Amino acid sequence: WKTLVNDLKASIKKSNITRDAVIAIEYALPTSGMGIDVLICGFDKDNNKICYIIESKQWNDDYITTRIFSNYREDERELHPQIQVYRHSLSFKEYTDCGYNFDVSSFVFIRNCSQSGITELIAKNPIPSTKNIPIYNQLDRIITIISASLINGTENMIEELQQASYKPSKDIISAMESILNHEEPFVLTNEQVDAITKIKNNIKNGKRIIRVTGSAGSGKTAILLNLYIELLNS
């Protein structure tokens, strides 16, 4: 984190980013204990609220070459950073009571990676719809893009982000619309991801009827819909 903060400070110092932009490090999200590495917010020239989410990694080319990337964190598999930052954006936009007010854009910053390593990483992304999320190995390039559209911020926005609370997950109608739009309808907790893994293993072992139990609001529908999408696209 010290390296990331120093990189961020150096990039902002060299850029034309507004001094009252709202910047948060490790911004906590309400789903699955996730945290956004860097969140930068403010207003554009039309006074619209905009939010930039940056996922930071310190991987090198060798690490990328030797790793297997997945939709989730699994044994011997790494959650792909484009998928990770997409889910962070989805969680902020759809699961906080302030996120829907923002236009959200995402980036991945990989400090120690070459351009060929970035190309290989994108090729290893198992979800094609997230491959268009930009990956850069220079934080300056990301901050320059942000500076071009971020005009100003306000202390009220700091308070809004600090007091953000969990908004209930989408209902069935919204979730089905998300399926039609090729979006994930729910962001899963770690326990729900484990449940999906167990269900898939049971299916592979020939089980035709699988019972999923849990109290109201525990996420049975979220598990079903995400599993449906995964099997549909497999």
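Predicted model: local features only at pLDDT ≥ 70, side-chain atom pairs only at ≥ 80, totals over all residues.
**View 1. Y52 and F107 form a stacked aromatic pair.** The centres of the two rings are 6.2 Å apart, and their planes make an angle of 25 degrees. Y52 belongs to strand β3 and F107 to strand β6, residues 103-110, so the pair ties together parts that are 55 residues apart in sequence. Y52 counts as buried because its relative accessibility is 8%, under the limit of 20%. F107 is also buried, with a relative accessible area of 4%.

**View 2. An open sheet is formed by five strands.** Their order is β1-β2-β3-β6-β7, and the pairing is mixed. The edge strands are β1 (22-28) and β7 (135-136), each of which pairs on one side only. Strands of a sheet pair through backbone hydrogen bonds, in either a parallel or an antiparallel way. Here β3 and β6 run parallel and are joined by eight bridges. K57 stands opposite I110, a residue of β6. The pairing of β6 with β7 is also in the parallel sense, over two bridges. F109 stands opposite Y136, which is in β7.

**View 3. Helix α3 lies across the strands of the sheet.** The helix spans residues 81-95, and the strands it lies across are β1, β2 (35-43), β3, β6 and β7. Relative to β3, helix α3 runs at about 150 degrees.

**View 4. E55 is a residue of strand β3, which spans residues 49-57.** Is E55 buried or exposed? E55 counts as buried because its relative accessibility is 3% and the limit is 20%. The side chain of E55 has a polar contact of 3.1 Å with the side chain of K57. Another polar contact, of 3.4 Å, links the side chains of E55 and Q84. Leaving out residues up to four places away in sequence, E55 touches D37, P81, Q84, V85, H88, F107, V108 and F109. F107 in this list is the ring partner of Y52, and F109 is the residue opposite Y136.

**View 5. The largest nonpolar core has 43 residues.** Which residues have the most contacts inside this core? They are Y27, L39, C41, F92 and L161. Helix α9, residues 220-233, supplies the largest share of the core, with five residues. A second, separate core has 17 residues, among them L4, Y136, I143 and L150.

**View 6. C41 has contacts with residues from several places in the sequence.** Apart from neighbours within four places in sequence, C41 is in contact with A21, V22, I50, C51, F102, L150, M157 and L161. L161, like C41, is listed among the residues with the most contacts inside the largest core. L150 is one of the residues of the second core.

**View 7. Y27, F92 and F102 form one aromatic cluster.** Y27 and F92 are also listed among the residues with the most contacts inside the largest core. F102 is one of the residues in contact with C41.

Conventions
Residues numbered from 1 in each chain as written. Heavy atoms only, no water. Helix = DSSP H or I, 4+ residues; strand = E, 2+ residues; numbered from the N terminus. Buried < 20%, exposed > 50% of the residue type's maximum accessible area, 1.4 Å probe, protein only. Polar contact = N/O pair within 3.5 Å; in protein donor to acceptor, adjacent residues only side chain to side chain. Contact = heavy atoms within 4.5 Å. Phe/Tyr/Trp six-rings, centres within 6.5 Å; stacked < 30°, edge-to-face > 60°. Pairing = 2+ DSSP bridges. Axes fitted to C-alpha atoms, helices over the stretch in contact; angles between N-to-C directions. Core = buried A, V, L, I, M, F, W, Y, C linked by side-chain atoms within 4.5 Å.
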